[in-house]
Amino acid sequence: PALPVVDLPINGISALDANIPSDLTMLPLLKCNENEAKNWPSSLDGVASGKRSAIVFVKGKAFRLKGCGNLDEGFPIEKHGDHGEYMVRGCMFDQTVQREFYMSERVSNALKVEGLKHMQCANKSLGFYSYGLASDRKRSGEFCGVFETIGDRRLGDHLLSGIESIIPLLYTSSFKDLGSDWTEKTKNHVEKIRGNLWDTATRAECGMEALDLSNLHIFENPPFYSSDKRCVTMIPSEYSTLWDSICDELATSLRSLKGADMSSKSVLLWLAKMIGTECGQVCRALKKSRISWGTYPDAMGIHCNAHANNMVVRRDRMDKESYLCPLDFDMAFSESEFLPSMIESQHQKIFPTEFDDLLVWEHNMGFRTSLAGSDYTSTGVTNKNGSSIIFEGMEDFLILVRIAFRDTMVKFFDDALKGSDSDDEEDNNAERSKAADSIVKLALICTSKIVC
């Protein structure tokens, strides 16, 4: 990638940081399949994280190896640009690994300055591997960043897609039991869907305002157990017991909310408020610190790193902590190092060359559209939900819930970006938070096999 910035000085950070377990420092680790691993005594068990990264667990902590091989192929060279340019796949480079470390520190500081004590960068930089393959004239040197990480499941392709998968399971009973409430409070919204209310993604692409539908009169019920035929295709068999346990937890939380006369507000739409607010807070913090997440054109096309998949879900969320944390700053840059002439040289007439305009484009055409469920901008977020299950007779109602969820999320993203965070007193309700945690876990089970 050719960022429109002045290159950082290479300072030769060592991968032998004191916080890296010795298991990770014997040799530069490279992804391989299980059969090949048998030939290497130094091999560690890990899980793939996208195509070029992996997560390994050592002494109870998770470590991200970013750039440790393209799947199990090593570092192949492919034609990838608009004009047949070659690109080494599966690794980081000297500039991008240094930039990731440098900008992650800058972003961490930006979050602190903004007073976001409940949030942090998902990756803590520890050092890098250099694979020493630069003798090939087509190569520029392969590097792998080593990080301690607090999560891997992505907001877009894991959490949001998973939530859309389980929406039919959360509302089947409530749809049947709505009775007069369905006629008086909800039917009007369904009629709008048939006529005037466009899908959230379409309206976001057109720059239209999102709606706060968090007070829509819908309520959740625990999903079916894993043995139910409606769940068989959604739940990997190894997670059946866990799924059933989480369903019981959600049922307990929903009963407590009902007993406290708080069941009239949707837990799912409360979660949408939290997600939208946290994403908006991160973008606001970066904006105030004059940082772009990484949006620019080059010979490979248009890049935009500001999107839903660069927020990860915390593995072990504690009370009062954020649900999400940002990561992936290997293409981020600050205004002070920005070179507009490099954007102009790409002859992208529609692409902004002023830094403020670039941030507006990044937030609206990148992050906002990905939250809305759009693939209009090439961000890498697929928005493919883990299941397309729809129950007969509920189509309009489920479309309503999906639009309410996406709209509310985008609306609170917009508000937080402008400086107005959600301050609803019920946001601090512990039982509602527990119920939302259960929905998050169920959603992630549904998308556990998705690699992005």
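1. F329 counts as buried, at 1% relative accessibility; buried here means under 20% relative accessible area, exposed over 50% and partly exposed in between, with a 1.4 Å probe and protein chains only. W293 is likewise buried, with a relative accessible area of 0%.

2. The model is predicted: local features need pLDDT of at least 70, side-chain atom pairs count only at pLDDT 80 or more, and totals for chains, interfaces and linings use all residues. Residues are numbered from 1 along each chain as its sequence is written, and side-chain values use heavy atoms, with hydrogens and water left out.

3. Rings of Phe, Tyr and Trp (its six-membered ring) pair if their centres lie within 6.5 Å; planes under 30 degrees apart are stacked, over 60 edge-to-face, the rest tilted. By this rule there are twelve aromatic pairs. In one of them, F128 and F143, the ring centres are 5.3 Å apart and the planes stand at 70°, so the pair is edge-to-face.

4. F128 lies in strand β6 (residues 123–130) and F143 in strand β7 (residues 143–149), so this pair ties together parts 15 residues apart in sequence. Strands are DSSP runs of E, at least two residues, numbered from the N terminus. F128 is buried at 12% relative accessible area, and F143 is buried at 14%.

5. W293 and F329 form a stacked pair, 5.3 Å centre to centre with 20° between the planes. W293 sits in the loop between β8 (291–292) and β9 (295–298), and F329 in the loop between β12 (324–326) and β13 (333–334), so the pair ties together parts 36 residues apart in sequence. W293, F329, F367 and F413 form one aromatic cluster.

Definitions and conventions
Helices (H or I, at least four residues) and strands (E, at least two) are DSSP runs, numbered from the N terminus.
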